[in-house]
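Please look through the structure shown here with the numbered points below at hand. Each point takes up one part of the chain.

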Amino acid sequence: MRVALVAESFLPHMNGVTHSVLQMVRHLERRGHETLVVAPDAGGKGEHAPTGLTQLLPSMPMPSYPDVRVAYPTTARIARVLREFHPDVVHLASPFALGWKGQVAADALRLPSVAVYQTDIIAYTERYGVPGAVPLASAHVARLHKRATLTLAPSSASEAQLAGLGVDRLRRWGRGVDAERFRPDRRSDGWRAKIARGELLVGYVGRLAAEKQVEDLRVLCGIPGVRLVIIGDGPERERLEKKLPGAVFTGFLGGDQLAKALASLDVFVHPGESETFCQTVQEALASGVPVVATGRGGPVDLVRSSVDGWLYAPGDLDDLRERVLDLTGDDAKRRSFGAAARESVTSRTWESLGDQLIEYYREAQRLRPLDDATRGRGTVRADTVAPPQRKQWTRYVALGDSLTEGLCDTSRMANGEYRGWADRLATLLAQGRGRFQYANLAVRSRRVRDLVNEQAPRALEMEPDLVSIFMGANDLVSHGADPVRLAAHVEKAVRDLRAIGADVLLVTPFLPDRSAARIFARRFALYAAELRRVAAATDSYLLDAAALPSLGDRTMYADDIVHLSSRGHRYLAYRAAEALGIPDAEAVGQLDDALHGFDPSEDAPPQGDWLRTHALPWVWRRMRGRTAGDGMVSKHADYIVIPGRNAPKRSKLS
């Protein structure tokens, strides 16, 4: 795999983003993947990554924090860099400014992107009090992560924050820790004596900036027998030296020096409330040092209160002081907490986190084609879900319009009769059953009102244990259609069916990949997003047909370019079986398609004048207030029995 990592910051400025990028570059290279780091140029004094390629871009220092550089390339420049590297996936490390351009470039090149949320920009803008900046930052973060193929959040707090902004496709991905570098036996009596001989050391490690709230540690100054140690540097250092009398400021420490200093502390403290993860807390735990941190943000997932440290009430500095006093005043408790701290991080290696990240890259590669197939931007997108467990259904009722009726699927049927995806699905469901009952209440041209007023009530009377609902396309191509209102009516039908114990398979309507269909794309996308919500809210099965790229293909359609051909119905039936957890549906579907090949009797190319044969008659019926389904009834208004066959035993070759 070729991975392009677009990072907001990089060497020589060492912070959480830079550290994570370096760790991932090393891991990917060890696993045989190729990497390219795209990052701001540090003004001629930057270092390159230890492995892989590096593309440094022109940048300028932030006015209030010159160590942080902001790159200002054009999107076209980023796209050119990516195009020359030919990545399989784009990794956006703490994206905001450069990351936004990286995302836009990835979209232009149709590349999957994985956005790693590491910096709470919204909290930073709030902390620095820039007028009107918080809503703008919130909107930008939401817009960026909604466009990314996949977003990785490091903690439950950041996951909830992003979900609150409407970001979908969230996955949890924390940070690894170098438990070999950060370990208890790095503790140094010599280092401790240089800092404050004979005193207990309570220390903070991190950037000295306003958002870290280091000033809150003033409540720890003056505790008898305790010395406050501040490890790190930043724009707030001079002010903090005045605010924290008696504290020892070591300046920036890295590598083995930092590991020795951390292990030499007696208690680690971190007051910052805007941490998405807080890597230094994890490094302190690995060093066998108990932690006192605020009960908000990333530390909530890292510190086990009363086991390896304490979480104090956010903003309650008296509580902070009491928690520190509890540990500095009890040697036995401090040792017990320290041992538990070390034990808690033994499985959090960068190697395991790196392998997990590679799996997320592969998931993004699978998801990207679904995004390309979705023609409406801004809606909740299709997502991958765990394979469902198949249930033992015996009574299946299909509800819908012409697609579920099976129009244009003439495979092995008499003239004027149609088969369809639901009929094919019923046959698949019947396999291995002694007696399987099936009804199909679908009629061409029917709308959501017919589902609610006729089809769903009839289905309730039949007491099925499985119902499929594929309805809405005829409404969505009508003037003034309201996708949200339509979905609400469908939701009522679903809830009524779920109330009697029936399982429901919801199918999202889709459009052919034709320019004329684009005028309806936004409606279909919004309706599909609403049906995804309904499926989740009612614990229903979902066949997200709107997110299947293959259903945009012309070869899936009959000569009217509206209804599916026999091949399209076969494809949809196997996708439905897959959604319901029928074993080997994918493999059997591929075999079935290969065996059929191109059957002229089933999948004939368009004949004659499409406009005269199909479009004008439809327009004429609409003008007269008529539909193709007027006067028609469903083909299976009551149950028919489909004889099931016991599934054959698996051969050695199967």
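1. In helix α5 the buried residues are A133, A137, S138, H140, V141, A142, L144 and H145. The model is a predicted one, and what follows should be read as a description of that model. Helix α5 covers residues 133-147, which makes 15 residues. From first C-alpha to last, α5 reaches 21 Å, close to the 21 Å expected at 1.5 Å a residue.

2. S138 has its place in helix α5. Its relative accessibility is 16%, and because buried means under 20%, S138 counts as buried. What does S138 touch, once residues up to four places away in sequence are not counted? The residues touched are I122 and L165.

3. Next comes the sheet. Seven strands form an open sheet, and their order is β3-β2-β1-β6-β7-β8-β9. The pairing is parallel. From one strand to the next, the twist averages 20°.

4. Strand β6 (residues 89-93) and strand β7 (residues 113-116) run parallel and are joined by four bridges. For V90, the bridge partner in β7 is S113. Helix α1 (residues 16-30) packs on the sheet, where it touches β1 (2-7), β2 (34-40) and β6. The direction of α1 makes about 160° with that of β2.

5. S188 lies between β9 and α7 (189-196). Is S188 buried or exposed? With a relative accessibility of 15%, S188 counts as buried. Leaving aside neighbours within four places in sequence, S188 is in contact with K260 and S264.

6. Turn now to the aromatic rings. Five aromatic pairs are found in a search of the whole structure. One of them is formed by W310 and F337; this pair is tilted, with 5.9 Å centre to centre and 50° between the planes. W310 belongs to strand β15 (residues 309-312) and F337 to helix α13 (residues 331-344), so the pair ties together parts that are 27 residues apart in sequence. W310 counts as buried at 14% relative accessibility, and F337 is buried with a relative accessible area of 6%.

7. F470 and F510 also form a tilted aromatic pair, at 6.0 Å centre to centre and with 35° between the planes. F470 is in strand β18, whereas F510 is in the loop between β19 and α20 (521-537), so this pair ties together parts 40 residues apart in sequence. Both F470 and F510 are buried. Together with W421, these two residues form one aromatic cluster.

8. The last point is the largest nonpolar core, which has 34 residues. Which of its residues touch the most other members? They are Y396, W421, L425, L429 and L505. The elements that give two or more residues to this core are β16 (395-400), α16 (421-430), β17 (436-440), β18 (466-470), β19 (503-507), β20 (541-543) and α21 (566-579).

Key: Residues are numbered from 1 along each chain as its sequence is written. This is a predicted model: local features need pLDDT of at least 70, side-chain atom pairs count only at pLDDT 80 or more; totals for chains, interfaces and linings use all residues. Side-chain values use heavy atoms; hydrogens and water are left out. The expected span of a helix is 1.5 Å times one less than its number of residues. Buried means under 20% relative accessible area, exposed over 50%, partly exposed in between (1.4 Å probe, protein chains only). A nonpolar core is a set of buried Ala, Val, Leu, Ile, Met, Phe, Trp, Tyr and Cys residues joined through side-chain atoms within 4.5 Å. Contact means heavy atoms within 4.5 Å. Two strands pair if DSSP finds at least two bridges between them. Axes are lines fitted to C-alpha atoms, for helices over the stretch in contact, and angles run from 0 to 180 degrees between N-to-C directions. Rings of Phe, Tyr and Trp (its six-membered ring) pair if their centres lie within 6.5 Å; planes under 30 degrees apart count as stacked, over 60 as edge-to-face and the rest as tilted.
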